[in-house]
Amino acid sequence: MTAAGPGTAPASDAGRGARPGAQRRELTYAVLLCVAGAGLALWASTRTWAVELTARPTPLPPVRDARTGAGLLPWLPALALVGLAGGGAVLATRGRARRLLGGLLCVLGAAVAAGGGYGLVAAFDGEVARHWPALCLLGGVLATAGGLLTALRGRHWPAMGARYERRPAGDAAPAAPAESGRGAGDRVTGRQTTEAWDALDRGEDPTVS
């Protein structure tokens, strides 16, 4: 086995630093999957999944009672909202906190997908629209995939605003160059001119010291 030279970085660290573009793409995909999946499930849960018909004496028509996914499963839009917020929070977290958030999003997405699956197989009375539960199921699967990707790969992804983090003491920004004598003199002359105009506005003679 060949030992690494003094100027050679470990293979793991080199692999982490050599793919910043790939890491950012993975972060983008994960956020898009979580946000798009949770948003799709939230929208589908507000649609009418079933219309219950209650018969009335002839010649009165039956009473139509529209039931949305949120009406049938009240917890479904709440979980979708949490997943939507969690997808945005992936950008603001890092390290172990991001991995834990990814696990939570994975569980939330699975629960949302289960709600959509229930809407597909449940026996509702009256007219049933199965495509809305199917979209809810799809949204849950997408959110689950985004959460799983975050839990597995998100530890080394960059965090939002990383470029603005506090620098170490040895990396302080270089001091600005000293002003030249001409520049300082121009500033003094400009300030004196401004003061003279202010004195004229007050009715004073700027030449009298």
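**Aromatic rings, cores and helices**

Trainee: How many aromatic pairs does the structure hold?

Mentor: This is a predicted model, where local features need pLDDT of at least 70 and side-chain atom pairs count only at pLDDT 80 or more, while totals for chains, interfaces and linings use all residues. Residues are numbered from 1 along each chain as its sequence is written, and side-chain values use heavy atoms, leaving out hydrogens and water. Rings of Phe, Tyr and Trp (its six-membered ring) pair if their centres lie within 6.5 Å. By that rule, the number of aromatic pairs the structure holds is 1.

Trainee: Is the pair of Trp 43 and Trp 132 stacked or edge-to-face?

Mentor: Planes under 30 degrees apart count as stacked, over 60 as edge-to-face and the rest as tilted. Trp 43 and Trp 132 are 5.1 Å apart, centre to centre, with 85 degrees between their planes. That makes the pair edge-to-face.

Trainee: How many residues apart in sequence are the parts that this pair ties together?

Mentor: Helices (H or I, at least four residues) and strands (E, at least two) are DSSP runs, numbered from the N terminus. Trp 43 sits in helix α2 (residues 20-45) and Trp 132 in helix α6 (residues 131-153), so the parts tied together are apart in sequence by 89 residues.

Trainee: Is Trp 132 buried or exposed?

Mentor: Buried means under 20% relative accessible area, exposed over 50%, and partly exposed in between (1.4 Å probe, protein chains only). Trp 132 has a relative accessible area of 18%, so Trp 132 is buried.

Trainee: What does Leu 73 contact, leaving aside neighbours within four places in sequence?

Mentor: Contact means heavy atoms within 4.5 Å. Leu 73 belongs to the largest nonpolar core. With those neighbours left aside, Leu 73 is in contact with Trp 49, Gly 115 and Tyr 118.

Trainee: Is α4 roughly parallel or antiparallel to α5?

Mentor: Axes are lines fitted to C-alpha atoms, for helices over the stretch in contact, and angles run from 0 to 180 degrees between N-to-C directions. Angles under 35 degrees count as roughly parallel, over 145 as roughly antiparallel, 65 to 115 as roughly perpendicular and the rest as oblique. The axes of α4 and helix α5 (residues 95-121) are 9 Å apart, at an angle of about 150 degrees. That makes α4, relative to α5, roughly antiparallel.

Trainee: What does Leu 40 touch, not counting residues up to four places away in sequence?

Mentor: Leu 40 is in helix α2 and is partly exposed at 22% relative accessibility. Its C-alpha atom is 9.6 Å from that of Ala 143, 103 residues apart along the chain. Apart from those close in sequence, Leu 40 touches Leu 135, Leu 138 and Gly 139.

Trainee: Is Thr 144 buried or exposed?

Mentor: Thr 144 lies in helix α6, in contact with Cys 106, Gly 109 and Ala 110 when neighbours within four places are left aside. Its relative accessibility is 19%, so Thr 144 counts as buried.

Note on methods: A nonpolar core is a set of buried Ala, Val, Leu, Ile, Met, Phe, Trp, Tyr and Cys residues joined through side-chain atoms within 4.5 Å.
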